[in-house]
Amino acid sequence: MFLQQIINGLSIGSIYALMAVGYSLIYSLMNFTNFAHGVAVMMAAYVGFYALTLIFPNAVFGFLIAVVSGAFFSFLIEFTTYRPLLLKNVKRVYLIIAGLGVTIVAENLIIVAIGGRFKPYPSTLFSAKPIKMFGVVIGIVDLEIVIISVITLIAVELYIKYSRDGLAIRSASFSLDITSLMGVNVDKLIMTVFIIAGLLAGVAGYFMGIKYTAYPTLDQLSIKAFISAVLGGMGSLTGSVVGAFILGVSEVMVTGYISSSLRDVFTFSLLVIILLVRPTGIMGKSSEDKV
Amino acid sequence: MKKILSVVVILTIVLAVLAGCRSSNVSNDVIKLGYIGPLTGDSAPWGTTELNTLKMLVEQTNANGGVLGKKIQLFSYDNRADNIETQNSAKKLVQQDKVVSIIGTNASGPAIALASVCEELKVPQIATTATNALVTVNTDGKVRPYTFRMCLTDPALGTIMAQYAYSKLNIKSAAILFELGSDYSVGVKDVFKDAFEKIGGKITVVEAYKTGDVDMRAQLSKIKATNPQAIFLPALYKQIALVAKQARDLGITSAFLGCDTWQASDVLLYGGSAIEGSYFDAAVDYADPLLKPFVAQYQAKYNANVLAMGANGVHADDAFLIWIDAVKRAGKADPQAIRDALETTKDVQGCICKISFDADHNAIRDAAIQTISNGVVKSAGTWRISQ
């Protein structure tokens, strides 16, 4: 059972990781938490569902559409909500409140427009028999999630390390103002980061749709991803991935060996302890670096 | 001018008194029955189904000569599913319309509100689909003398499933997976566990998930390690589908057991092959052939499906049949006599089965056991609670 629980934990952790990187990216650039990130995830899950049921029942097609839609919704949130506020040069806390507002609006819009019932992805597309070895069962979708998450996360890491935009993003994460003085178009840069975060949200949304169906409050799972990002260190991409796996595995272990009712008590206590011992998270950069 | 006005006032009073006399005179050759339920607002479909059923039955009974040689007169009030409205309606029914009994309401909240008025005014009430324990029993555990109910309560369904699984399905060990934070799920989990252990079954493990959780594989892996014959899952359709699929993916082959929340058609739609071979119980099997005449009658009169909104029509029918029987046995249209007769109701034929009342005024009736086989819900017979 122990090995099975580890597998369960890694599978949950990989979903958290995809979302956590989105939080971390935007935080590292703009020093605020985009609480509307979950909305892009939830919308992508719905788009994936409709792409598969209404347009073309092909898993790869659905994946691509969902990923693009995740990027689109992330861009839309930035363009309609954050940009007007940024132009007014408001305090960061207003951006956070606006993000929470977007979440509430989006959840309720979905309830009004589509309804509160959950929408399961067509099971015929994802009914591959799980792999069994060493007494452990590994779901095909779980395996796909881990592989695609790893590929996507490496791609993002490489992009940020080696591309011109990546260089700009990294410098902007030290100082947005100075980067702007160096001749970088900061508006475009912010948009790029939101689109990258949105692509990851799209991947997460599609896989969550397969595993957990599409429903209006799907975005609330992203709060766990936010905790992962804090745990691993806000602003550090590798850190948030590590944080996500730690959170996923520890949740499963608490449920499996202690008690399911204590799961959240335990994980939030873990968060508090880590923040007390290492306020920057496991792999986070000290925030003084940015000033 | 003043003179004319005072004449008008006096005339009005005289007319009102006369009108009052007339209505009280009429009450001698009719038996008055009241109905309270939601007839407008979100809950209207349920209330309307019940009232339509009662109207149909009253018409039929009157056409056949009524009861005790008298015609039945039905009074109905809309409570808009509101507690205060329910109490006002009840007072109007008893004090103004002089009904001898009240049928309704369907929701537990208003039914409890109605019970307090009926106890005070000493008029018997038969609730239709109110499942909360406190409808027929006070908070101190004492039965409310004037309040009865037709449906099976949630605890009763949990107990029945435990007894059926052990005795009929030969399931000797079961695990439970329930929802923390859902009163329904926690309550049913407790009675299932007690009932199953009482008759000798073994509960291997009790696991829980939180409202809103979507990944239950950690709990299911733990359940799998205890190797139960069945998993009792008192959940709503979404969790049923997710849990069942995740369980099958983990290689769990145990059958699932559930209660009436499994009756939702979405369970079948979303659960797919993962819920094949599951058993659940409910107060009414909507495909029961015994329901056909009733459904056809209602369809002919109202051009609507009486079962479209659930068991409300069936329980309104039950309530009426039980009430008529009680009036006949009481021999007079007197609230106290009818109450006494209701209390001794034993094996009276309802809409689909014989009904009695237990000491807590809950209906003792057959539960419909259903199973999912080849992707469709099939009847697996009935089961009556054995104390």
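Start with Thr105(B), which sits in the loop between β3 (101-103) and α4 (108-121) of chain B. Show its backbone together with that of Gly104(B): the peptide bond from Gly104(B) to Thr105(B) is cis, with omega near 0°. Keep in mind as you look around that this is a predicted model.

Now hop over to chain A and pick Asn31(A). You'll find Asn31(A) in the loop between α1 (2-30) and α2 (37-55) of chain A. What is phi of Asn31(A) near? Phi is near 60°, a positive value in a residue that isn't glycine.

Next, colour the two chains separately and look at where they touch. Chain B brings 25 residues to the contact, and chain A brings 26 residues. Between them, the chains bury about 2,200 Å², with 54% of that on carbon and sulfur atoms.

How many salt bridges cross the interface of chain B and chain A? There are four. To see one of them, select Asp264(A) and Lys210(B), whose closest N and O atoms are 3.4 Å apart. Twelve residue pairs, both partners at pLDDT 80 or more, are also in polar contact across the interface of chain B and chain A.

Stay on the chain B side and highlight β7 (202-210), α7 (217-226), α8 (237-249) and α9 (265-271): these are the elements of chain B that give two or more residues to the side touching chain A. Sort the residues on that side by type and you get ten nonpolar, four polar and eleven charged.

The charged end of Lys238(B) sits over the ring of Tyr215(A), 2.9 Å from the ring's centre. For a pair inside chain B, select Lys172(B) and Tyr166(B): here Lys172(B) lies over the face of Tyr166(B), at 3.9 Å from the ring centre.

Back to salt bridges for a moment. The structure holds 21 of them over all chains.

Last stop: the rings. Over all chains, a search of the whole structure finds 27 aromatic pairs. Select Phe49(A), Tyr50(A), Phe63(A), Tyr121(A), Tyr206(A) and Phe207(A), and you'll have a cluster linked by ring pairs. When you compare rings, remember that a pair is described by the distance of the centres and the angle of the planes.

Definitions and conventions:
Residues numbered from 1 in each chain as written. Chains lettered and ligands numbered in written order. Predicted model: local features only at pLDDT ≥ 70, side-chain atom pairs only at ≥ 80, totals over all residues. Heavy atoms only, no water. Contact = heavy atoms within 4.5 Å. Buried area = accessible area lost by both parts, 1.4 Å probe. Salt bridge = Lys/Arg side-chain N within 4 Å of Asp/Glu carboxyl O. Polar contact = N/O pair within 3.5 Å; in protein donor to acceptor, adjacent residues only side chain to side chain. Helix = DSSP H or I, 4+ residues; strand = E, 2+ residues; numbered from the N terminus. Nonpolar A, V, L, I, M, F, W, Y, C, P; charged D, E, K, R; others polar. Phe/Tyr/Trp six-rings, centres within 6.5 Å; stacked < 30°, edge-to-face > 60°. Lys NZ or Arg CZ within 6 Å of the ring centre and 35° of its normal.
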